[in-house]
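User: I'd like a walk through this model, feature by feature. Could you give me the general idea each time and then the case here?

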Amino acid sequence: MVSSSHSADASHSTDSVLSLPLAIAHRGLSAYAPENTLAAIQAAHEAGFQWVELDVQLLGDGTPVIWHDAGVNRCSDGRGKLKNLDWDSVQTFDVGSWFNACFAGERMASLKQALELIARLDMRLNLELKLSPGHDAQALVDAAIPMASAHLPASHLIISSFDPQALRLTRQRDPQVHIGLLYDDIPDDWQSLADELNASSVHADWRALTRAAASDITSRGHKLLCYTPNDAAAFAPRWAWGVDAVISDDPAIFSEEDREPTLPNNTTTQGLPQT
């Protein structure tokens, strides 16, 4: 994963090697539980998924919370922007009933609560640093990165973001943490940022990913993750491009058989002699 151009102190140690599953539960098991909640993390664990992807942002009082949107309207019975709310106020919101009545009373999770649950369940985390308008990258990194690194070993954690500055600040705070570059469309100069940050992975929108971009990423030794496919058949051809993992609302729809190469007669290569 690490280019020979990187200095030794920037390289990942052998005990932090990143091992990914076929599928990661997006915002927890969000097809079956309210997204970005402790219930969604627990549901992923109970369904047998070791990795979850979650979003972290700051409230107005500086508390890092697990939440995707800039505001609370869509996924709670509350109103307002995160930057205008504090921890006590968001704890009055029901963040489960919008999804299903059986989750009534679910509360917004702090990053600390989520990390404690993930660590207790021996799970792994892709934590996305979410920078909504008006939020400060430095403050988010200062609040989230030391806490995440303290709760999880390096091999159990990826920090990803669409925001290059947040990732640069992350690398400054933690020279060992795995960094994932998050893109809608892969830019031509992605490798420059990957080299600068000693990035482990590139996370791409599966609908925008091209075969050429996938080949470029994997040939340079980076893990390639795709978000957010929820149709295994539609995604299937992309496994041949070298995709390492998908981040899905419903990860159970994917299986190892999906990425086994097939012969023209639709028989797999499994069991055939290797030459």
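Analyst: Let's begin with strand pairing: two strands pair if DSSP finds at least two bridges between them. Strands (E, at least two residues) and helices (H or I, at least four) are DSSP runs, numbered from the N terminus. Residues count from 1 along each chain as its sequence is written. The model is predicted, so local features need pLDDT of at least 70 and side-chain atom pairs pLDDT 80 or more, while totals for chains, interfaces and linings use all residues; side-chain values use heavy atoms, without hydrogens and water. Here, S8 and strand S9 (residues 245-248) pair in the parallel sense over 3 bridges, and Cys226 has Val246 as its bridge partner in S9.

User: Which strand pairs with S8 over 5 bridges, and in what sense?

Analyst: That's strand S7 (residues 201-205), in the parallel sense. Getting from S7 to S8, the chain passes through helix H7 (residues 211-219), and this β-α-β crossover is right-handed. In general, right-handed means that, with the strands pointing away from the viewer, the path from the first strand over the helix to the second runs clockwise.

User: How many residues of strand S8 are buried?

Analyst: Buried means under 20% relative accessible area, exposed over 50%, and partly exposed in between (1.4 Å probe, protein chains only). In S8 (residues 223-227), 4 of the 5 residues are buried, so the strand is largely enclosed by the rest of the structure. Tyr227 counts as buried at 13% relative accessibility.

User: Now rings. How many aromatic pairs does the structure hold?

Analyst: Rings of Phe, Tyr and Trp (its six-membered ring) pair if their centres lie within 6.5 Å; planes under 30 degrees apart are stacked, over 60 edge-to-face, the rest tilted. The structure holds 7 such pairs. For Phe162 and Tyr227, the centres are 6.3 Å apart and the planes at 85°, so that pair is edge-to-face. Phe162 sits in the loop between strand S5 (157-161) and helix H5 (164-173) and Tyr227 in strand S8, so the pair ties together parts 65 residues apart in sequence. Phe162 itself is partly exposed, at 37%.

User: Which residues do ring pairs link into a cluster?

Analyst: Trp206, Phe235, Trp239 and Phe254. Within this group, Phe235 is buried, with a relative accessible area of 0%, and Trp206 counts as buried at 13%.

User: And what does His26 touch, beyond residues up to four places away in sequence?

Analyst: Contact means heavy atoms within 4.5 Å. By that test His26 touches Glu53, Thr228, Ile247, Ser248 and Asp249. His26 belongs to strand S1 (residues 23-26) and counts as buried at 9% relative accessibility.
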